[in-house]
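Here is a short briefing on one protein chain. Look over the sequence and the fold before reading on.

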Amino acid sequence: MLISIIIVNWNTKDLITKCLETIEANAASINKEIIVVDNASTDNSTDRIKERFPYVKLVENSENSGYAEGNNIGLKLASGDYILLLNPDTEIQPGAIEELIACINRNPDTAAAAAKLIYPDGSSQRSCRGFPHPWSLVFDYLQISRLFPSSKRLSAYRMLWFDYESEIEVDQPMASCMMVVKKAFDDIGGFDPLFPIFFNDVDWCYRCKLKGWKIFYTPNAKVIHHVGGSTRQVKEAMIRESHISLKKYYEKHYKKSISPILYAIIMTAISLNMVISLRMKRIVGK
């Protein structure tokens with residue numbers, strides 16, 4: 001059994017070095033190939049990789065093709081039975097890869113399993129969400145979900161009720177460390193370049209569920225995640241891109257399936273939320 005590990009990198013030289021070191025230390029016995037797709041980094045990331053990790057299959061893009069297309073490039077080169085999508089700002093912990101595969105194997109019809117993401121201090125990150133269905137998003141934007149965090153219906157989007165200590169089927173886990181069965185990619189296809197940075201994983205998980213596949217989260221696989229190793233370098237641009245991608249997601253999946261009035265309300269709410277988020281970022285930044 002071969003595992004293909006795909007890492008899309010952009011200007012995270014020190015973080016990806018640590019990421020690759022933890023793979024060396026904690027996955028030495030696993031039959032694997034490591035594919036790094038570099039999106040035109042300017043911090044000498046590729047020189048570091050060539051020097052320290054010459055066995056890595058390195059793709060050097062001439063321009064930043066985004067996260068979605070970067071992973072698609074890696075998928076075309078991957079020959080594994082399983083594909084591990086891994087962010088460069090993660091650190092694999094002992095047994096994590098084995099536990100992800102075990103989770104898939106004990107849950108029939110599972111396309112992917114996501115790890116428990118933890119901060120460097122060991123605390124859990126909130127890495128699983130429901131799909132942003134219209135009413136779930138309305139409850140979230142109106143802060144109703146925060147008033148009733150234990151309600152699986154009113155807090156369906158952010159899953160504020162979940163304690164991250166149980167292995168459960170989820171809609172869309174954060175793909176910072178997600179093991180995918182190659183057959184699922186063959187069936188569903190890769191990531192939609194319509195979503196270059198954000199919501200490509202949400203869109204893929206949604207397409208996955210429509211075809212009857214399951215996606216699981218398991219706390220047995222632990223991975224340190226430093227959060228936003230690339231995106232925090234251009235924070236305001238990423239806030240805009242996140243909201244733009246959510247609009248594209250709605251245009252793709254909901255424009256023809258919900259009422260025009262509800263669609264217009266949702267799109268307006270997304271725009272207002274973007275304005276508020278940008279304003280708060282600037283206030284905090286000051």
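The notes below cover a strand and its neighbours, then a set of salt bridges.

This is a predicted model. Strand S1 spans residues 3-9 and is mostly covered. S1 runs parallel to strand S2 and also parallel to strand S4. Across the whole structure, a search finds 15 salt bridges.

- Seven of the seven residues in S1 are buried.
- Ile3, Ile5, Ile7 and Asn9 point one way from S1, while Ser4, Ile6 and Val8 point the other way. Both sets are buried.
- S2 covers residues 32-38, and seven bridges join S1 to S2. Within S2, Lys32 is the bridge partner of Ile3.
- S4 covers residues 82-86, and five bridges join S1 to S4. Within S4, Leu85 is the bridge partner of Ile6.
- S1, helix H1 (residues 13-26) and S2 build a β-α-β unit, and the unit is right-handed.

- Glu33 pairs with Lys57 in a salt bridge, with the closest N and O atoms 2.6 Å apart. This pair links distant parts of the chain: Glu33 sits in S2 and Lys57 in S3 (residues 57-60), 24 residues apart.
- Glu33 has a relative accessible area of 9%, so Glu33 is buried. The cut-off for buried is under 20%.
- Lys57 is partly exposed, at 39% relative accessibility.
- Glu60 forms a salt bridge with Lys50, and the closest N and O atoms are 2.9 Å apart. Glu60 lies in S3 and Lys50 in helix H2 (residues 45-52), so the pair ties together parts that are ten residues apart in sequence.
- Glu60 is partly exposed, with a relative accessible area of 46%. Lys50 is partly exposed too, with a relative accessible area of 44%.

- Lys252 and Asp203 meet through their side chains in a salt bridge of 3.0 Å, N to O. Lys252 is in helix H9 (residues 235-253) and Asp203 in helix H8 (residues 200-210), so this pair links distant parts of the chain, 49 residues apart.- Lys252 counts as partly exposed, at 36% relative accessibility. Asp203 is buried, with a relative accessible area of 0%.
- Salt bridges with shared partners join Asp192, Asp203, Arg207 and Lys252 into one network.

Terms used
Residues are numbered from 1 along each chain as its sequence is written. This is a predicted model: local features need pLDDT of at least 70, side-chain atom pairs count only at pLDDT 80 or more; totals for chains, interfaces and linings use all residues. Side-chain values use heavy atoms; hydrogens and water are left out. Buried means under 20% relative accessible area, exposed over 50%, partly exposed in between (1.4 Å probe, protein chains only). Helices (H or I, at least four residues) and strands (E, at least two) are DSSP runs, numbered from the N terminus. Two strands pair if DSSP finds at least two bridges between them. A crossover is right-handed if, with the strands pointing away from the viewer, the path from the first strand over the helix to the second runs clockwise. A salt bridge is a side-chain nitrogen of Lys or Arg within 4 Å of a carboxyl oxygen of Asp or Glu.
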